[in-house]
Every structure is written in C-alpha cells, then in structure tokens.
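Visitor: I have just opened this one and have not looked at it before. Could you walk me through it?

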Amino acid sequence: MDVLARKILEMFGSFNKQTLDLHELFEAGGNDPDSRTAVLDRVERLVKDGLLEERGNDFYALTQEGRINVRLDHKD
C-alpha cells in the first residue's frame with residue numbers, strides 16, 4: 001500500500017471517527033489542487049479495493065477489511 005493510501009486509512013483513527021467526509025480526507029494530501037486530486041483518486045481506489053465504503057454526501061467509512069489492513073500495517 002502506498003503512503004497516501006495509508007495516510008487516508010489512518011485518518012479515521014487520528015480523528016477517532018467512524019466516518020469522514022471528503023474535505024477531512026483531503027488533509028492527507030495537503031492544500032494544493034494536485035494533492036487533492038491525488039487524494040480523490042486514491043479514495044476512489046480504496047472504495048474499489050473494498051477498504052472504504054461510500055456513505056453518501058461525500059462521507060466514507062472504513063470497511064472491516066480496511067480496519068484489518070490498518071491494524072496489520074501498524075504491526076510492522
């Protein structure tokens with residue numbers, strides 16, 4: 001998993017929230033437009049990979065697989 005994808009998944013623990021909106025997830029990439037585009041692309045990929053699920057109105061939540069993946073990454 002690349003660094004940006006890991007940052008996005010770890011944000012749920014950092015914010016201690018079950019769901020995050022896209023604007024909160026943009027913080028993983030920074031403020032410039034290219035970084036925000038990269039975050040959006042990565043979020044879409046994480047949804048396709050089954051690590052995030054869309055909750056509507058630009059909100060996302062970790063799936064069970066996403067939670068497991070974040071825990072496994074921390075064991076390194």
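The chat below goes from the overall fold to single residues.

Visitor: What sort of model is this?

Guide: This is a predicted model, and the values we discuss are computed from it.

Visitor: Okay, how many helices and strands does the protein chain have?

Guide: The protein chain has four helices and three strands, and reading from the N terminus their order is α-β-α-α-β-β-α.

Visitor: And how does the radius of gyration of the protein chain fit a compact globule?

Guide: For 76 residues a compact globule would come out near 11 Å, and the protein chain has a radius of gyration of 11 Å, so the two agree.

Visitor: How much of the protein chain counts as buried?

Guide: Of its 76 residues, 34% count as buried. The protein chain exposes about 4,900 Å², and carbon and sulfur atoms supply 45% of that area.

Visitor: How far is Leu22 from Gly66?

Guide: Leu22 and Gly66 are 44 residues apart in sequence, and their C-alpha atoms are 17 Å apart in space.

Visitor: Let's move on to the loops. Where is Thr63, and is it buried or exposed?

Guide: Thr63 lies in the loop between β3 and α4, the latter being residues 64–74, and with 14% relative accessibility Thr63 counts as buried. Apart from its neighbours within four places in sequence, Thr63 is in contact with Gly50, Leu51, Leu52 and Glu53.

Visitor: Which loop holds Asn16?

Guide: Asn16 sits in the loop between α1, residues 3–15, and β1, residues 19–21. Its phi is positive, at about 55 degrees, although Asn16 is not a glycine.

Visitor: Are Asn16 and Asn57 buried or exposed?

Guide: Asn16 is exposed, with a relative accessible area of 70%, and Asn57 counts as exposed as well, at 74% relative accessibility.

Visitor: What separates Asn16 and Phe59, in sequence and in space?

Guide: Asn16 and Phe59 are 43 residues apart in sequence, and from C-alpha to C-alpha they are 15 Å apart in space.

Visitor: New topic, charges. How many positive and negative side chains are there?

Guide: The protein chain has 11 positive and 16 negative side chains, and the centres of these two sets lie 5 Å apart.

Visitor: How many salt bridges does the structure hold?

Guide: The structure holds four salt bridges. One of them joins Glu24 to Lys17, with the closest N and O atoms 2.6 Å apart.

Visitor: In that pair, how exposed is each residue?

Guide: Glu24 is buried, with a relative accessible area of 14%, whereas Lys17 is partly exposed, with a relative accessible area of 39%.

Visitor: Which residue forms a salt bridge with Asp49?

Guide: That is Arg45, and the closest N and O atoms of Asp49 and Arg45 are 3.0 Å apart. Asp49 is partly exposed at a relative accessible area of 41%, and Arg45 counts as partly exposed at 45% relative accessibility.

Visitor: And what does Arg55 pair with?

Guide: Arg55 forms a salt bridge with Glu53, where the closest N and O atoms are 2.6 Å apart. Arg55 is partly exposed, with a relative accessible area of 49%, and Glu53 counts as partly exposed at 31% relative accessibility.

How values were computed
Residues are numbered from 1 along each chain as its sequence is written. This is a predicted model: local features need pLDDT of at least 70, side-chain atom pairs count only at pLDDT 80 or more; totals for chains, interfaces and linings use all residues. Side-chain values use heavy atoms; hydrogens and water are left out. Helices (H or I, at least four residues) and strands (E, at least two) are DSSP runs, numbered from the N terminus. The radius of gyration is taken over C-alpha atoms; the globule rule is 2.2 Å times the number of residues to the power 0.38. Buried means under 20% relative accessible area, exposed over 50%, partly exposed in between (1.4 Å probe, protein chains only). Accessible areas come from the Shrake-Rupley method with a 1.4 Å probe; for residues, only the protein chains shown count as cover. Lys and Arg count as positive and Asp and Glu as negative; His and the chain ends are not counted. The place of a charge is taken as NZ of Lys, CZ of Arg, CG of Asp or CD of Glu. Contact means heavy atoms within 4.5 Å. A salt bridge is a side-chain nitrogen of Lys or Arg within 4 Å of a carboxyl oxygen of Asp or Glu.
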